Structure formats: C-alpha cells, structure tokens
Amino acid sequence: MRDETEPVPEPLPAPEAQPATARPGLWLTLLAAAALLGGAYGLPLMNQNPSSGGSQPEIPAETAARLEAGLSGLTLHLLPVDLSTPAAQEEAAKAIPVPETEGRKLVADALAGRHNLGRIVVWDNVAQDNDVISVSSGGFSTTVQLKSAPQVIVLPYAKGGSLMVAGVQDGGGGITVGLDLSTGPLPLPPLRTGEVRVLPLF
C-alpha cells in the first residue's frame, strides 16, 4: 500500500525499442483513435488509501472510461516478424510460446505462406506490481507476468481473427497493460481477474 505522501510515479511510455509503423490505409482509423486516446499515456495514478482496508484502482475511473471508448471500432494489426535471415528465423522461433522444435516448424510454415506470424509487445504501463495476463491468437496462448520493461511474444494469427488478452492475476488496483502493435501503442482499460478482451485483427 502506497503512502499518500510518496510521489506518484508516471506511467511508462510506449517502448522505444519497438517502434510501431502504421499502414497508409489506417491513418483515418488512427487519427480517430488518437483523438479518443488523447492523454492516455499520461495516465494519472491513484494513491492507495491506508485507511480504506483495500486497494483502489491504479488509474481514475474517468481515465479508464476514456480508454474503453478508445477501443470502440478499432481493428488492429500485429507487428511484422523478421524472417529474412536464418538468425532472425531462429530468434522468431524462440519467441513463440512453444517448444523450439515446434517453433521452427511454425516459422517454416510462415515462410511457405501457410499462415501468418505476428509480434506483440506487452508491458505494465502504470506500475510493475505482479500483474499477470494471458495472450492468445491463432490457437496458441501464453501467460505473461507483466514488467515495466517490454516483453516480446510471437504468435500465429489469421487475418480476420482475434487477439485475446485475459486477466490472470491482479497485483492490486486492476491489471494494467500496454500493447505495442503495428497500429501503434494501445493502453487497455484495467482488467479484472478472469476478464477477457477480444481485439479484432485484420
């Protein structure tokens, strides 16, 4: 529980190491989303009240409502996976949440055009407090303990399919997660344990 006199940390910005690039056809969607998400990355935090007997949300309700509105009508695209060299293919295989031999097979299938591979970057965009999520796409799923530092996941996906993000463990005040996708950084509204967000992909 945070002391009320302790300085409130600023939420982490989108990871610089994973720049997002949008397709030209997405600009209208992105401009609309930017208007809705304006100020979302300067998410104000709420202190824990020692006398309350329980944890309060990490971000105010009005900010969560703005993030919720920003998801309406969005269609997303995963970041591309570099398969241009044997070294890049090996790195991609290791980032898929399966045994390496199966990961190499999925990479080979992607090179043969049998399916798509996409890259997702996740992190705790408010404060690292042991929040845990699961991320699912293309019939594959992985569990991630969120950290302040970005973590990269590679998953198969189908165009017209969905990326599912589920709350597994709340470290306190809601499960706060940021995603970096090809369509740009996306802060999700705080998740509850067991809550699932289904994000359409194209």
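A: Let's begin with E195, which counts as buried because its relative accessibility is 15%, under the 20% cut-off for that class. Please keep in mind that this is a predicted model. The partner of E195 is R197: their side chains form a salt bridge, with N and O 3.6 Å apart. R197 also counts as buried, since its relative accessibility is 13%. Side chains of opposite charge can pair when their charged atoms come close.

The side chain of R104 meets that of E90 in a salt bridge, at 2.8 Å from N to O. This pair links distant parts of the chain: E90 belongs to helix α3 and R104 to helix α4, 14 residues apart. R104 also forms a salt bridge with E100, and here the closest N and O atoms are 3.0 Å apart. E100 and R104 are four residues apart in helix α4, so about one helical turn separates them. An α-helix has 3.6 residues a turn, so residues three or four places apart point the same way. Put together, E90, E100 and R104 make up a network of salt bridges.

How open to the outside is this network? E90 counts as partly exposed because its relative accessibility is 27%. R104 is partly exposed too, on account of its 37% relative accessibility, and E100 is given that class because its value is 37%. By contrast, E195 is buried at 15% and R197 is buried at 13%.

G103, L106, V107, D109 and A110 are the buried ones. Viewed down the helix axis, the buried residues fall within an arc of 160°, so they line one face of α4. T101 and K105, on the other side, are exposed. Just after the helix comes G113, which takes a positive phi of about 80°.

What does the buried face pack against? Its residues pack against α3, β2, β4 and β5. A110 is buried because its relative accessible area is 16%. Leaving out residues up to four places away in sequence, A110 touches L83, H115 and L117. A110 and P156 are 46 residues apart in sequence, and their C-alpha atoms are 8.5 Å apart in space.

S137 is buried, because its relative accessible area is 3%.

Strand β3 (residues 132–137) pairs with β4 in the antiparallel sense, over six bridges. One place to look is S134, whose bridge partner in β4 is T143. The two strands form a hairpin with two residues between them, and G138 there takes a positive phi near 60°. Strand β4 covers residues 140–145; F140, T142 and V144 make its covered face, while S141, T143 and Q145 make the uncovered one.

Finally, step back to the whole protein. Its secondary structure comes to four helices and nine strands. Of its 202 residues, 45% count as buried. Take the contacts between residues at least 6 apart in sequence: 71% of them join residues at least 24 apart. The protein exposes about 9,800 Å², and carbon and sulfur atoms supply 56% of that area.

Terms used: Residues numbered from 1 in each chain as written. Predicted model: local features only at pLDDT ≥ 70, side-chain atom pairs only at ≥ 80, totals over all residues. Heavy atoms only, no water. Buried < 20%, exposed > 50% of the residue type's maximum accessible area, 1.4 Å probe, protein only. Pairing = 2+ DSSP bridges. Arc of directions from axis to C-beta. Contact = heavy atoms within 4.5 Å. Salt bridge = Lys/Arg side-chain N within 4 Å of Asp/Glu carboxyl O. Areas by Shrake-Rupley, 256 points an atom, 1.4 Å probe, with all protein chains shown as cover.
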